[in-house]
Amino acid sequence: LAGGSETTRALLDAVSAAERDVLIQSPYCVLTERALETLAGLVKKGVKVRILTNSLAASDNLMASSGYMKQRARLLAAGIELFEFRPDAEVWRALMAKTRPAGAPPPIFAVHAKTLVVDWELVFIGTFNLDPRSAHLNTETGVLVKHHLLAAQVGSAIEADMAPANA
């Protein structure tokens, strides 16, 4: 169970090559030991590692949230910056003001994107959650592209979701 999928290998290779910055957005954040060691090693080399995931209040998956809560102290101790998405995020309020019909019950609003930006040059968009299931099974897919403009757009969107009014 060291993480056997092609997607896992490609993402670990991409992240391991980071020189300045890694931004990760995932609804679930339960890292494998190898992933945690990789990210902690990057921080030790001076790479800024930031992860945006759902807070317990915004999550639709109690088991994943429980796994994250068990690791949270280790992630912070490793120097990884964590951002937990709020269920009452400002971006949610703005979207609901534009689209929700009067009197309609508010929908659940949470992070569901699975994106990664490395050094504002490389971007991953796919189905890969930051959890053991995605890492161990070859059922996830995505696109990993070196494209400065796309990486900047995705990175800026992640950073907007990391803002204090949202996370």
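Residues are called buried under 20% relative accessible area, exposed over 50%, and partly exposed in between. The close-up views below come from a predicted model.

**View 1. Tryptophan 120 in the loop between strand 4 and strand 5.** Because its relative accessibility is 21%, tryptophan 120 counts as partly exposed. The phi angle of tryptophan 120 is near 55°, a positive value in a residue other than glycine. Most residues other than glycine have a negative phi.

**View 2. Aspartate 119 in the loop between strand 4 and strand 5.** Aspartate 119 also has a phi near 55°, again positive in a residue that is not glycine. With 8% relative accessibility, aspartate 119 counts as buried.

**View 3. Glutamate 121 in the loop between strand 4 and strand 5.** Glutamate 121 has a relative accessibility of 30% and therefore counts as partly exposed. When neighbours within four places in sequence are left aside, glutamate 121 is in contact with Val145, Lys146, His147, His148 and Ala151. Strand 6 spans residues 142-146. From glutamate 121 to alanine 18 the C-alpha to C-alpha separation is 9.9 Å, although the two are 103 residues apart in sequence.

**View 4. The crossing of helix 1 and helix 2.** Helix 1 consists of residues 6-16 and helix 2 of residues 33-44; their axes come within 10 Å and cross at roughly 15°. Angles under 35 degrees count as roughly parallel, and helix 1 and helix 2 are therefore roughly parallel to each other. The crossing in which helix 1 passes helix 2 is left-handed. Helix 1 contributes Leu12, Val15 and Ser16 to the contact, while helix 2 contributes Arg34, Ala35, Thr38, Leu39 and Leu42. Sorted by class, the residues in the contact of helix 1 with helix 2 are 5 nonpolar, 2 polar and 1 charged.

**View 5. The buried and exposed sides of helix 1.** The buried residues of helix 1 are Thr7, Thr8, Leu11, Leu12, Ala14 and Val15. Because these residues cover an arc of only 160° around the axis, they lie on the same side of helix 1. An α-helix has 3.6 residues a turn, so residues three or four places apart point the same way. Glu6 and Asp13 are exposed on the other side of helix 1.

**View 6. Lysine 44 in helix 2.** Lysine 44 is exposed, its relative accessible area being 76%. Helix 2 comprises residues 33-44, and lysine 44 is found within it. The C-alpha atoms of lysine 44 and alanine 78 are 8.3 Å apart in space, and the two residues are 34 residues apart in sequence.

**View 7. Proline 27 in the loop between strand 1 and helix 2.** At 4% relative accessibility, proline 27 counts as buried. Apart from residues up to four places away in sequence, proline 27 touches Thr53, Asn54, Val111, His112, Ala113, Lys114 and Asn129. A C-alpha separation of 21 Å lies between proline 27 and alanine 94, which are 67 residues apart along the chain.

**View 8. Tryptophan 92 in helix 4.** Helix 4 covers residues 90-99, with tryptophan 92 among them. The relative accessibility of tryptophan 92 is 15%, so tryptophan 92 counts as buried. Tryptophan 92 touches Pro87, Pro106, Pro107 and Phe109, not counting residues up to four places away in sequence. Between tryptophan 92 and valine 118 there are 27 Å from C-alpha to C-alpha, with the two residues 26 residues apart in sequence.

Technical notes:
Residues are numbered from 1 along each chain as its sequence is written. This is a predicted model: local features need pLDDT of at least 70, side-chain atom pairs count only at pLDDT 80 or more; totals for chains, interfaces and linings use all residues. Side-chain values use heavy atoms; hydrogens and water are left out. Axes are lines fitted to C-alpha atoms, for helices over the stretch in contact, and angles run from 0 to 180 degrees between N-to-C directions. Helices (H or I, at least four residues) and strands (E, at least two) are DSSP runs, numbered from the N terminus. Angles under 35 degrees count as roughly parallel, over 145 as roughly antiparallel, 65 to 115 as roughly perpendicular and the rest as oblique. A crossing is left-handed if the near helix is turned anticlockwise from the far one by less than a right angle, and right-handed if clockwise. Contact means heavy atoms within 4.5 Å. Ala, Val, Leu, Ile, Met, Phe, Trp, Tyr, Cys and Pro count as nonpolar, Asp, Glu, Lys and Arg as charged, and the others, Gly among them, as polar. Buried means under 20% relative accessible area, exposed over 50%, partly exposed in between (1.4 Å probe, protein chains only). The arc is that of the directions from the helix axis to the C-beta atoms.
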